[in-house]
Amino acid sequence: MNDFQKAILQGIPDTLPPGKPFDPEVSHAPVRKDLLTKAEKKLAVRNALRYFKPEFHPVLAKEFAGELKNFGRIYMYRFRPDYKILARSIQEYPHRSEQAAAIMLMLSNNLDDAVAQHPHELITYGGNGAVFQNWAQYLLTMKYLAEMTDDQTLVLYSGHPMGLFPSHPEAPRVVVTNGMVIPNYSKQDDWERFNAMGVSQYGQMTAGSFMYIGPQGIVHGTTITVMNAGRMISKGDGSLAGKIFVSSGLGGMSGAQAKAAVIAGAIGVIAEINPKAARKRHSQGWVNELFENLDDLISRIQQARQSKEAVSLAYIGNIVDLWERFVQEDMMIELGSDQTSLHNPWAGGYYPAGLSFDESNRLMVDNPEQFRMAVQQSLIRQVNAINALSKKGMYFFDYGNAFLLESGRAGADIFKPTGDYRYPSYVQDIMGPMCFDYGFGPFRWVCTSSNPDDLNKTDEIAARVIREQILVSPPEIQQQMNDNLQWVLAAKANKLVVGSQARILYADSTGRINIARAFNEAIRNGIISAPVVLGRDHHDVSGTDSPFRETSNIYDGSQFTADMAIQNVIGDSFRGATWVSIHNGGGVGWGEVINGGFGMLLDGSPEADRRLESMLFWDVNNGIARRSWARNPEALFAIKRAMETEPRLKVTLPNLADDGVVEGLFD
Ligand SMILES: NC(=O)c1ccc[n+]([C@@H]2O[C@H](COP(=O)([O-])OP(=O)(O)OC[C@H]3O[C@@H](n4cnc5c(N)ncnc54)[C@H](O)[C@@H]3O)[C@@H](O)[C@H]2O)c1
């Protein structure tokens with residue numbers, strides 16, 4: 001047994017490890033709000049000490065109090081392991097259950113320095129998307145996973161391993177809940193308090209559910225969105241050649257826009273106020289060219305337009321200046337969006353026009369009220385410019401970042417006379433009707449050998465399966481499959497892997513099942529050298545109830561209910577998932593969304609064949625059924641097809657009332 005395996009089996013060490021110096025080279029989570037009373041702070045330390053022998057308490061109590069004071073949380077830095085955390089080959093993890101070993105691989109990927117945003121604070125992405133609350137939880141969970149058998153289930157409460165409970169081989173090996181609180185206690189500051197006390201966490205979507213695969217997922221989603229936006233504006237072949245897509249942000253998720261624009265064949269022009277963020281994306285090859293001067297940028301755009309070059313150009317400056325310059329030049333811009341972090345407008349998510357990056361950073365601390373006014377004035381200017389370009393024919397969409405919401409609150413001219421927003425969200429117009437309602441969503445897999453050769457083989461298998469499916473599919477879904485065929489064929493060349501050997505593509509229920517079945521067979525025949533983990537983003541057909549994003553195209557009034565996400569996770573758990581998770585918060589924030597997901601290990605066995613068919617069918621068709629009950633036409637089409645292929649499926653279909661029957665009833 002090597003040192004890594006010994007360390008995993010040891011769990012929380014018997015002797016106190018030396019303290020760890022704070023490493024300034026690593027990206028650290030921001031200091032969190034100090035909201036706890038003195039009594040609550042004592043409780044937080046007492047809670048943290050529960051993981052350790054009493055003889056450690058005098059030293060650790062002081063240390064943890066210091067962490068709480070300095071960082072707003074108790075991370076237990078001292079217990080961060082010395083070995084490198086990353087997605088190793090599955091056989092390197094000590095285990096008695098192969099399923100549990102696959103989960104160790106997946107959660108390790110989420111904490112890999114090369115993958116995670118703030119690895120020392122156990123944050124994978126999104127600023128606060130936690131895998132665990134502290135290092136004791138990590139150590140204990142890894143030990144349980146290493147020891148458990150297929151007759152046990154590990155129960156995780158917001159990162160805390162409650163323990164191993166007897167179950168059976170068909171049950172999930174792990175059940176994860178993150179941030180589940182009583183609904184009346186689900187405000188942003190409630191999260192701050194509960195998380196500081198060590199009793200709850202924000203798991204984002206794929207952080208606390210061990211399903212993050214680096215930036216590939218967001219590049220894929222953004223590519224699909226930009227391509228489909230291109231089709232909406234085009235009367236011809238939908239090509240984006242020579243067309244301009246303008247947006248802002250080269251940060252965590254927004255950084256994918258530049259790369260996606262090029263993959264989609266467009267000219268991507270992205271403004272980023274933070275020079276460091278822009279240069280980072282440039283050095284990674286995600287942005288082709290940087291500009292600090294608007295004159296140079298405009299002539300480069302015109303040149304690219306003439307030659308129909310697919311290229312990404314970043315403007316280091318404020319998006320408002322860029323929009324206003326386009327208006328001044330009377331330029332035709334085909335596609336527009338915004339990905340500043342407007343879900344967090346007053347603390348650095350949005351930088352107002354007229355102030356430099358540094359001036360804004362000072363003002364938001366020194367004079368928050370003046371900063372707030374500057375943000376609102378800036379949004380008014382931004383919307384005016386967008387409105388002017390939209391009148392010329394630009395198609396603008398909200399990218400799930402609260403742009404419409406905050407612009408409206410700022411008093412910008414963003415409403416139609418009916419009171420609705422002038423512009424749609426990307427789910428309302430694009431992802432909802434074109435993908436989710438047909439059952440297409442972010443299916444993904446990870447090769448547990450951690451060997452790129454296996455990933456290449458899975459790409460080939462997936463491409464073959466999609467080609468076969470295209471031959472027997474109706475015209476309504478040919479485009480979705482062709483897009484994903486092109487994506488998977490180009491995936492290797494686009495060098496999308498960061499961390500585990502993972503791939504994403506959008507597939508419907510039939511596609512997911514056929515691809516999974518083909519993988520399972522290839523594992524059985526030794527073509528793929530080790531098991532494969534299947535999963536998906538929570539941002540999918542059935543997994544997420546989120547009224548301003550995933551379910552924003554539900555118009556029967558049920559968009560504020562969360563039955564779908566809860567039904568989904570319960571249904572997955574008894575149809576063969578290897579692990580399941582359900583979260584409060586993810587994407588749009590704590591209290592705003594309920595979302596869940598699963599992981600499933602394919603090991604080549606007949607049991608895996610049975611499980612994948614049963615679970616994947618439910619995991620997609622649950623959401624289509626709900627979307628069809630909400631009268632979405634694409635979902636009605638898809639659920640009727642599903643009932644034809646599976647006679648045991650009997651879904652309640654809506655009767656559609658004529659407008660004339662209800663109009664005038666309450667006048
Ligand atoms: N990409 C997606 O698929 C997707 C989906 C849903 C929601 N979102 C939302 O998009 C937003 C961005 O996410 P992120 O992870 O990239 O956040 P981020 O904070 O890492 O990046 C946002 C970037 O915008 C820049 N910025 C802010 N104000 C600016 C201005 N006025 N002009 C130019 N640049 C400015 C910031 O410097 C920052 O680099 C979030 O609100 C997120 O929830 C994205």
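Student: Which residue of β7 is the bridge partner of isoleucine 244?

Tutor: The bridge partner of isoleucine 244 in β7 is isoleucine 267. This is a predicted model, in which local features need pLDDT of at least 70 and side-chain atom pairs count only at pLDDT 80 or more, whereas totals for chains, interfaces and linings use all residues. Residues are numbered from 1 along each chain as its sequence is written.

The bridge belongs to the pairing of strand β6 (residues 244-248) with strand β7 (residues 267-272), which runs in the parallel sense over 5 bridges; strands are said to pair if DSSP finds at least two bridges between them. Helices (H or I, at least four residues) and strands (E, at least two) are DSSP runs, numbered from the N terminus. The pair sits within an open sheet of 6 strands, ordered β8-β9-β7-β6-β10-β11 and paired in parallel. Because β8 (289-291) and β11 (395-396) stand at the edges with a single partner strand each, one side of each is left without a neighbour in the sheet.

Turning to the helices, the axes of α18 (residues 509-524) and α20 (residues 606-629) come within 9 Å and cross at roughly 160 degrees, where axes are lines fitted to C-alpha atoms, for helices over the stretch in contact, and angles run from 0 to 180 degrees between N-to-C directions. The two helices α18 and α20 are therefore roughly antiparallel to each other, given that angles under 35 degrees count as roughly parallel, over 145 as roughly antiparallel, 65 to 115 as roughly perpendicular and the rest as oblique. Their crossing is right-handed, a term for the near helix being turned clockwise from the far one by less than a right angle, anticlockwise being left-handed. Among the residues of α18 that meet α20 are Ile513, Ala516 and Arg517, and those they meet include Leu612, Leu616 and Phe617, contact being counted if C-beta atoms, placed from the backbone, lie within 7 Å. The residues of this contact divide into 7 nonpolar, 3 polar and 4 charged; Ala, Val, Leu, Ile, Met, Phe, Trp, Tyr, Cys and Pro count as nonpolar, Asp, Glu, Lys and Arg as charged, and the others, Gly among them, as polar.

Helix α18 also packs against α16 (residues 452-471), the axes coming within 9 Å and crossing at roughly 135 degrees, so that α16 and α18 are oblique to each other. This crossing, too, is right-handed, and the contact includes Ile461, Val465 and Ile466 of α16 with Ile515, Ala518 and Phe519 of α18. By class, the contact of α16 with α18 has 8 nonpolar, 5 polar and 1 charged residues.

On the scale of the chain, the protein is divided into domain 1 (3-196), domain 2 (216-414) and domain 3 (432-499 + 501-659), with bounds that come from an automatic or database domain assignment. The centres of domain 1 and domain 3, taken over C-alpha atoms, are separated by 29 Å, and their contact takes 29 residues from domain 1 and 26 residues from domain 3. On the side of domain 1 that touches domain 3, α4 (98-111), β5 (174-178) and α6 (188-196) each supply at least two residues, and the largest share, 7 residues, comes from α4.

Conventions. Two residues are in contact if their C-beta atoms, placed from the backbone, lie within 7 Å.
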